[in-house]
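Thanks for making time this morning; I would like to walk you through one structure, going from the whole chain down to a few individual residues. Please have the sequence and the model open while I speak.

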Amino acid sequence: MNNSTLTIKEYTEVDLEQLNDITVVYCRLSQDDGNTGDSNSIINQKKILSEEIAKKRLSNPIYFIDDGISGTTIQYRPAISKAIELVEMGKVKNFLVKDLSRLARNYLDAGRLTEITFPDNNVRFIAVSDNIDSDHQTDNDANLLPLKSLFNDWYSRDTSKKIRAVKQAKAKAGEQMVSIPIYGYMKDPENSKNWITDPIASDIVRRIFNEAKSGKNLTRIAKDLEKDKIETPSRKILSFGKSPITRSYSPYGWHRGTIARILSKMEYLGHTINGKTRTKSYKDKKIIWQPKEDWLIFENTHEAIIDQDTFDIVQKMRQHKRVTSSPRFKAGHENLFAGLVFCGTCGCKHYYCAFEKNGTNLDHYKCSKYASTIDRCDNPHYIRKADLEELVLLELNSLIKQINFEEGEFLKKLEHKFKIESSKQTNKHRQKLLNDERRFEEIDQIIQRLYEDNITGKLSDERFMKMSQNYEQEQSKLKDSISAVKQELSTQESQSMDISRFMQRIQKYTNITELSVKIVNELIDKIIIHKPEGTKRNRILKIEIHYNFIGNLDK
């Protein structure tokens with residue numbers, strides 16, 4: 001066999017079923033090895049191994065390459081998994097690697113292969129750079145092999161610790177930790193670390209959020225995108241490493257799961273979100289999702305595609321089922337008030353009950369505990385959806401009319417409800433806060449001078465203790481006062497912001513002729529259904545509407 005004419009194909013290019021006595025030529029390069037020098041590159045591994053094959057005249061050489069994949073586990077390496085499968089089928093005669101670390105950095109994996117799998121299947125194992133050849137192995141070689149594997153394992157562990165520390169530092173600094181921006185964004189050509197909006201994909205993201213906000217379910221959104229021939233976010237994916245593979249399904253094959261993932265991403269608000277996932281260890285690559293409170297959120301790091309109000313409304317709506325799935329009914333049985341209706345007696349949520357009789361829509365809401373055998377609600381009330389729509393529509397239009405004609409009086413009512421102080425009173429609080437903070441700093445300086453006078457003998461210990469205690473007591477009271485004023489100002493600011501946000505939402509409407517999912521969820525936080533008074537025609541049903549940000553206006 002002449003080295004200059006030696007041609008070796010990759011395992012994906014040949015029919016392995018028709019071959020026997022295969023020589024597995026295994027090459028691996030992890031992302032972590034990428035900067036360690038040319039000796040570990042795939043090209044140089046191929047060169048070294050092809051020379052060894054020509055020298056030893058080995059039969060049927062086939063390349064098995066895992067490019068850009070860690071050697072800590074075999075489980076996530078497709079090429080070596082296929083090679084081992086062939087070994088266990090008895091089709092492999094020789095197994096070549098550049099060195100033992102290319103086979104595995106995990107001590108247990110390397111030991112299992114070199115001491116059990118290969119010998120049991122009569123496979124000759126060669127690690128060229130380590131001078132290991134199982135056909136010419138001495139006792140010393142056999143003793144050193146486990147030690148080499150153990151050193152490789154230690155190296156992998158230490159490297160993993162260093163890489164994890166670097167990644168954690170970058171994550172805490174607010175750097176983007178993903179190599180590919182999420183759908184809707186792309187890398188800035190002038191600075192690859194920054195994200196900019198993709199003009200086409202960002203419009204699709206806005207469309208998805210707006211359709212979800214209007215009440216369209218995820219499956220319907222996906223089908224409409226497919227119908228309009230909108231390409232999916234991942235026509236191509238990265239398989240394990242650097243080589244893209246094309247999925248076999250339609251490029252327009254959107255799924256509800258894809259829509260759900262897009263709707264859940266806070267990155268569309270313009271924020272960088274780090275620390276969402278982790279792995280157990282350098283050997284176990286299983287992804288573990290972290291609690292949301294442990295995420296690292298860096299706000300306004302790139303251009304937002306979705307505004308906060310739209311995002312919040314969509315998250316709230318996704319918590320509840322919106323349309324009945326019963327095949328008995330035709331269209332029109334939409335759960336308009338999904339997740340918003342509660343019992344005024346027990347406080348539990350009302351179930352939505354889709355019902356038809358003789359072609360008439362009799363959808364209604366009833367207390368979820370009324371039919372319960374444990375802790376049953378004694379309030380047998382229910383309300384038809386049509387009646388609830390009528391009452392809510394009446395209340396909303398009445399409120400809109402009041403705001404349009406008496407906005408000043410309405411704002412005064414809200415300020416009174418939240419006990420929001422006048423700007424003059426607020427300014428007094430801010431001035432008091434400023435004075436208290438200045439005095440707090442002055443006391444720090446005074447105590448420092450007293451301490452210095454005490455050290456130099458200008459002030460006796462007794463006098464120093466008495467004076468410092470008095471100042472520390474005053475400082476303690478100032479600390480409590482500062483905290484209380486800050487809390488009060490923060491509450492006032494938050495309540496003023498809530499009023500402003502509600503006014504921005506409701507002032508978009510001048511007269512509502514028909515309720516929609518979007519209108520209901522933009523304006524209403526919850527609806528409480530109280531126990532009806534009277535019977536039959538004299539039956540009076542009272543509802544209590546709690547609006548987003550401002551609550552119930554009757555209290």
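Predicted model: local features only at pLDDT ≥ 70, side-chain atom pairs only at ≥ 80, totals over all residues.

The chain itself has 555 residues, of which 40% count as buried, and along it we find 14 helices together with 23 strands. Its accessible surface comes to about 32,600 Å², and carbon and sulfur atoms hold 48% of that area.

The largest nonpolar core is made up of 41 residues, and within it F337, L388, V392 and L515 have the most contacts. Several elements each supply at least two residues of this core, including the helices α9 (308-317), α11 (407-417) and α13 (461-506) as well as the strands β21 (524-529) and β22 (543-547), while α10 gives the most, with seven residues. If we set aside residues up to four places away in sequence, L388 touches F337, V341, Y365, I383, I527, I529 and I543. There is also a second, separate core, which has 29 residues, I182, Y185, A201 and I305 among them.

Finally, a local detail in the strands. β7, covering residues 185-188, and β8, covering residues 191-197, pair in the antiparallel sense over four bridges, and the two strands form a hairpin with two residues between them. Which residue in β8 is the bridge partner of K187? That partner is W195.

Terms used:
Residues numbered from 1 in each chain as written. Heavy atoms only, no water. Pairing = 2+ DSSP bridges. Core = buried A, V, L, I, M, F, W, Y, C linked by side-chain atoms within 4.5 Å. Buried < 20%, exposed > 50% of the residue type's maximum accessible area, 1.4 Å probe, protein only. Contact = heavy atoms within 4.5 Å. Areas by Shrake-Rupley, 256 points an atom, 1.4 Å probe, with all protein chains shown as cover.
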